[in-house]
Amino acid sequence: MASTKEYLNFILEQLSELDEITYRAMMGEYIIYYRGRIVGGIYDDRFLVKPVKAAVDLMPEAGYELPYDGAKEMLLVDNVDSREFLEQLFEAMYTELPVPKPKKKK
């Protein structure tokens, strides 16, 4: 089941106070970036983030879920209604997220 554009727009609206939030559509789902780094994504209308230490510390009760078959487990964000929590989560996670690899020139 693909994610809906409505759910994507809801999450983007919740994150609208943060700078440099971008997304990329990927096979019916959406990858969410913060300042150029992948934070997580929207999969089957679930907001999942990478299980870095900061995210685990902020959401100790969060369940681990698979975004799709064969993927690594991610943390389910239940508190999507709180803009303040989402901003705090993204800010805390940022330094632990991997820096994207430079694209190879053709």
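**The sheet and the helix on it**

Begin with the open sheet of 6 strands, which has the order E1-E2-E3-E4-E6-E5 with antiparallel pairing; two strands pair if DSSP finds at least two bridges between them, and strands (E, at least two residues) and helices (H or I, at least four) are DSSP runs numbered from the N terminus. This is a predicted model, in which local features need pLDDT of at least 70 and side-chain atom pairs count only at pLDDT 80 or more, while totals for chains, interfaces and linings use all residues. Residues are numbered from 1 along each chain as its sequence is written, and side-chain values use heavy atoms, with hydrogens and water left out.

Select the edge strands next, E1 (21-26) and E5 (64-65), each of which pairs on one side only. Strand E2 (residues 29-34) runs antiparallel to E1 and is joined to it by 6 bridges.

Now select helix H1 (residues 5-14), which packs on the sheet and touches E1, E2, E3 (37-43) and E4 (46-49), where contact means heavy atoms within 4.5 Å.

Which residues of H1 are buried? They are Tyr7, Leu8, Ile11 and Gln14, where buried means under 20% relative accessible area, exposed over 50% and partly exposed in between (1.4 Å probe, protein chains only). What covers these buried residues includes E1, E2, E3, E4 and helix H3 (83-94).

Finally, select Phe10, which lies in helix H1 and counts as partly exposed at 30% relative accessibility. Not counting residues up to four places away in sequence, Phe10 touches Val80 and Asp81.

Conventions:
Axes are lines fitted to C-alpha atoms, for helices over the stretch in contact, and angles run from 0 to 180 degrees between N-to-C directions.
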